[in-house]
Structures are given as C-alpha cells and as structure tokens.
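Please look through the structure shown here before reading on, and keep it in view while the text walks through a few of its parts.

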Amino acid sequence: MTDTALIEAARSSKAWPFQEAQRLAKRLRDGKPDGAPVLFETGYGPSGLPHIGTFQEVLRTTLVRRAYEALTGQKTRLVAFSDDMDGLRKVPDNVPNKELLAANLGKPLSRIPNPFDTDHESFAAHNNAMLRDFLDRFGFDYEFVSSSDRYNSGAFDDALRGVLRNFDAIMDIMLPTLGEERRKTYSPVMPVSPTTGVVLQVPIEVLDADAGLIRFTDEDGSVVEQSALGGMSKCQWKVDWAMRWVALGVDYEMYGKDLTDSGVQSGKIARVLGGNKPEGLIYELFLDAKGEKISKSKGNGLTIEEWLTYGSEESIGYYIFANPKSAKQLHAGVIPKAIDDYWQFRAALPTQPLDKQLGNPVWHLLRANETLETAEAPGAGDSLSVPYSLLLNLVSVLGLEATPANLAEYVTSYTGGPIDDPALMRLIECAVNYNRDFVAPTLSKRAPAGGEVAALRELDAQLALADPATSAEDLQTMVYEIGKREEYGFESLRDWFKALYETLLGSEQGPRMGSFIALYGVEPTRKLIAEALERA
C-alpha cells in the first residue's frame with residue numbers, strides 16, 4: 001500500500017512528473033479493465049546510434065510512471081519500442097562501412113547487414129543492443145519490443161487487418177496533409193518488394209482485408225499480389241504509430257515537439273482503428289553546442305558513452321529532469337555543473353518537507369528504479385566530500401600527466417582517510433578525462449600585473465606562516481581579507497579571485513580558493529604563486 005502522506009502530497013504536487021500522473025489518473029479513474037497494468041511506452045528509431053536524447057525519453061517516462069504509481073497504487077508496465085522495421089532512408093554520418101549501408105538503402109533496418117565489428121545479426125540489432133545495454137546499466141524496469149519481431153511473427157497481423165479494413169478512412173485523414181506529388185505515391189501500408197526486399201513507397205489496392213491480400217506495382221514494373229501480413233509490409237509512420245497504440249493498448253507516451261503534427265494525425269487514425277491516443281507530454285528538443293537540433297544521423301549530440309567518460313549516470317538524469325518543455329543545449333560543457341548540482345540537491349533532501357522533496361529532481365531520480373511505496377528516497381542526504389568542480393581545478397594544475405591515482409592521493413590527504421565512496425572514485429576518473437579533453441587544451445596562465453603582484457606576494461607570505469593543516473574556511477578567510485585591502489587596488493573581491501584563477505590556474509573561473517589550497521596543499525600552492533610571479 002502506498003504511503004498516505006505521499007498520496008496526499010502527490011495529488012497537489014506541481015512537479016512535472018506528478019502533473020503528468022495526475023492527468024493520466026483523471027483519464028483512467030478506475031484503472032484498466034480486469035486490473036491490467038497501465039502501459040507506458042517509449043519509441044526509438046534505430047537508424048543511428050542511440051544518444052542521450054533517446055535515453056531521456058525512457059527516463060522521463062519512467063519518472064511519470066513512478067509518480068503515477070505513487071498517486072494511484074496501480075500496476076504499470078513500460079515498453080521500450082524499437083521501430084526497426086522501418087526502411088533506411090539515408091546513410092548516417094557517424095557509422096563505419098557506409099558502402100554496405102548504401103547498398104541496402106530502403107530495406108528494413110532489421111534486414112540490413114551489421115556495419116559494425118560486432119556479433120549482432122543486423123544494423124538494427126546492433127543499435128538496439130546499444131540502447132538496451134545503457135538502459136540496463138541505469139537499472140530501468142522495461143520490456144524491449146521490436147517492431148520487426150511483431151511484424152514478422154504475425155503479432156501485428158490483426159492490427160494490420162484493421163488498417164486494411166479502414167484503408168479509405170485513413171486515406172481521408174492523411175491525404176489533406178500531404179503535398180500533391182506525395183499524394184500520388186502515398187499508401188497507409190507499404191509493401192516489402194518480393195524481388196529487392198525494399199520497403200516500397202507505392203500505392204496499393206486492398207483485395208481482401210481479412211486475408212491481408214494487397215496488389216501493387218513492384219520496382220521492376222511488374223504487378224504483384226501478395227499478403228501484407230507476416231512481415232511482408234510495414235505501415236507508414238503515422239499509421240504505424242496509431243496501429244501500435246491500439247495493438248499494444250498504450251496509455252501514455254511522450255514525444256518531441258517535432259512530432260506534434262504526427263501526434264495529431266496518429267490520434268485521429270487511432271480513433272478510426274477503435275482506440276484512443278495515449279496521454280503524453282510534448283517535450284522540447286535537445287540542441288547541440290551550436291544550438292542546432294541533435295540528430296542520430298549527424299551524430300552532433302553527445303553519445304551515452306561520451307557523457308559517461310566525463311560524468312556520472314546520476315548527472316545525466318539530473319540534467320534531463322529539469323524543464324522538459326524548454327529546449328536546452330546538450331554538450332560536454334554542461335556536465336560539471338550537472339554533477340555538482342545533483343549532489344547539492346541530494347544532500348538537501350532530508351531537510352526538506354515532503355512537498356518540497358517531491359519538487360526536488362533527485363527525489364524522483366533516486367526512485368526511478370523502484371515502486372514508490374513510501375516517501376523516503378534511498379540515499380537521500382548523501383554528499384561528496386570533494387565537489388567535481390574542485391576535482392577539475394586540482395587536476396588542471398596537476399597537468400596532463402595526472403592520473404586518477406595521483407588525484408586520489410590529494411583527496412585522501414584532504415579528507416584524512418581512504419576513499420570508500422565509489423561515486424567519488426568514479427568522478428575522479430571522469431575529472432582526469434574531462435581535463436585531458438576539454439580543460440587542459442584551453443588553459444593559459446597569464447602574468448600578474450599591477451597590484452596583483454603585491455597581493456600574490458602577500459598571500460605567499462601568509463601561506464608561509466600557515467600550518468599545513470589549516471582548514472579550508474580559514475584559508476578562504478585569508479584570501480578574502482587580502483583581496484579587501486585597498487592598497488592592492490581591486491575594485492571588488494570578484495576581481496581578486498579572477499586574478500587568482502587566471503594567474504594560478506589558467507582559467508577565468510575557478511573554485512573557492514580556500515578549498516583548493518586545502519586540497520592541493522599549502523606548499524604546492526606557494527609553488528604556483530612563485531611560478532606566477534616569475535612571469536610578472
């Protein structure tokens with residue numbers, strides 16, 4: 001039984017997962033017939049490698065699913081659906097063996113040879129495996145469903161017969177949305193050519209809807225009569241989406257803003273087929289560093305592997321959680337802040353009242369992999385002994401030769417004991433990688449000038465007298481007081497700290513200097529100051 005206090009808080013929560021859950025609960029007031037689980041679905045087109053834009057759909061849908069369970073106590077399922085029966089329209093930019101794919105254009109993704117050096121039997125099978133591997137790594141509770149499996153096994157045959165029976169009504173919905181040339185070739189059902197294996201964009205004639213028999217002109221000009229069932233055809237995208245909703249009984253599916261029109265037309269087709277459009281949120285799209293839409297075929301977004309090279313799984317979830325209806329850039333530069341913000345929100349959880357906890361992104365992320373039977377979130381209150389941003393500043397000073405072991409030694413000295421936090425050890429590795437690829441190439445330590453020289457000399461003199469065990473707070477106060485002194489000419493403390501970052505660390509931004517000195521060490525910091533003064 002779900003916690004009563006949690007139910008009450010969920011009913012009035014303004015957090016977007018609960019807002020979505022409230023809408024779905026209003027629609028399914030009495031649940032599904034015979035107590036069947038409420039079905040949540042996410043879709044994936046395996047024409048390119050999965051990226052975080054693909055992953056976010058599963059995460060966000062999972063968050064709504066868990067919120068719905070908390071709100072209603074009802075059973076749910078999550079289906080991750082791969083549209084791998086779709087024909088390959090163009091060769092992606094970010095795959096090997098492009099010639100192999102080019103030779104198979106138009107064929108279903110699941111019937112194209114695997115261009116990668118893996119054991120998977122097809123192009124789609126490789127990409128599907130990559131998606132599942134990551135979803136499994138994150139611990140999602142989902143059922144993977146393949147379009148090609150459903151078509152080829154005949155599981156979609158009854159739904160396909162429904163499309164053929166309602167062929168004219170579907171054409172009436174779709175034709176007004178198409179241009180004049182497209183109308184000439186459009187058909188809700190696309191046959192697979194018996195000679196080339198290509199998914200054909202040709203008109204068809206329904207000969208016997210119940211038997212699934214259709215007639216069309218093949219690529220070589222011959223007229224063919226064949227079954228549309230058993231993997232011998234594939235529905236057009238909007239028809240396929242609607243057919244899937246009805247066949248699987250989907251209750252909730254979110255999708256990107258670019259599919260808004262598709263959602264409208266598919267909803268109309270679903271009603272023709274005897275079903276309804278699911279509830280769902282229309283989210284804004286991720287953009288790359290240039291503000292352009294992320295594309296699987298272009299490969300211009302971060303891959304899952306790239307994010308995990310420089311950041312943690314938790315930080316992906318945190319970045320994805322916020323403001324799904326607002327567009328945001330997705331590139332390596334957002335990773336450090338996402339990591340530190342995640343841990344700040346996690347540390348704050350136990351001190352927050354329940355209604356505030358439900359608005360805390362980490363409360364939802366910590367509960368993504370389990371049913372919300374109580375309000376308590378596992379791991380709430382945990383924190384990092386050293387922020388990721390500080391790790392980055394330290395490793396940038398240590399240089400490109402730094403290793404995770406080197407960085408761990410400094411952290412051990414700073415914390416006064418061995419590192420027994422796997423999350424921190426993981427981030428130490430990530431910090432070394434991030435520094436190597438993004439920080440070190442941009443660093444340029446300038447020479448101090450004017451009053452900066454005297455201020456640095458004063459800082460060095462005070463550090464020479466400081467106990468090596470001086471606390472970070474006391475060191476911060478030392479730095480702070482020097483920056484306030486009028487004789488050094490800083491208009492604000494911000495200018496003083498900026499000077500420290502630029503002359504000692506080689507960047508325009510940096511950490512709390514007291515924390516950095518405590519972590520790096522008093523004597524090593526004095527060496528940095530000496531090197532800076534030599535450039536003056």
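Predicted model: local features only at pLDDT ≥ 70, side-chain atom pairs only at ≥ 80, totals over all residues.

**Helix H19**

Helix H19 runs over residues 422-439, and its 18 residues reach 24 Å from the first C-alpha to the last, which is close to the 26 Å expected at 1.5 Å a residue. At its N-terminal end the helix is capped by Asp421, of which a side-chain oxygen lies 3.0 Å from the backbone nitrogen of Ala423. Among the buried residues of H19 are Leu424, Leu427, Ile428 and Cys430, and also Tyr434 and Val439. The buried residues of this helix pack against four helices, namely H12 (304-310), H14 (335-348), H17 (388-398) and H18 (404-415).

**Helix H11**

Helix H11, residues 260-272, has 13 residues and reaches 19 Å from its first C-alpha to its last, close to the 18 Å expected at 1.5 Å a residue. Its buried residues are Ser262, Gly263, Gln265, Ser266, Gly267, Ile269 and Ala270, and what covers them includes helix H8 (167-174), helix H10 (237-248) and strand S9 (255-256). H11 is followed by Gly274, whose phi is positive, near 95°.

**The pair H20 and H21**

How do the axes of helix H20 (residues 451-465) and helix H21 (residues 472-484) cross, and at roughly what angle? The two axes come within 10 Å and cross at roughly 150°; an angle over 145 degrees counts as roughly antiparallel, and H20 and H21 are therefore roughly antiparallel to each other. The contact is made by Ala455, Glu458, Leu459, Gln462 and Leu463 of H20, together with Leu475, Met478, Val479 and Ile482 of H21. The crossing of these helices is right-handed. Ala454 is also found in H20, and at 34% relative accessibility this residue counts as partly exposed. Between Ala454 and Ala472 there are 23 Å in space, C-alpha to C-alpha, for a separation of 18 residues in sequence.

Most residues other than glycine have a negative phi.

How values were computed:
Residues numbered from 1 in each chain as written. Heavy atoms only, no water. Helix = DSSP H or I, 4+ residues; strand = E, 2+ residues; numbered from the N terminus. Expected span 1.5 Å × (residues − 1). Buried < 20%, exposed > 50% of the residue type's maximum accessible area, 1.4 Å probe, protein only. Contact = heavy atoms within 4.5 Å. Polar contact = N/O pair within 3.5 Å; in protein donor to acceptor, adjacent residues only side chain to side chain. Axes fitted to C-alpha atoms, helices over the stretch in contact; angles between N-to-C directions. Parallel < 35°, antiparallel > 145°, perpendicular 65-115°, else oblique. Left-handed = near helix turned anticlockwise from the far one by under 90°.
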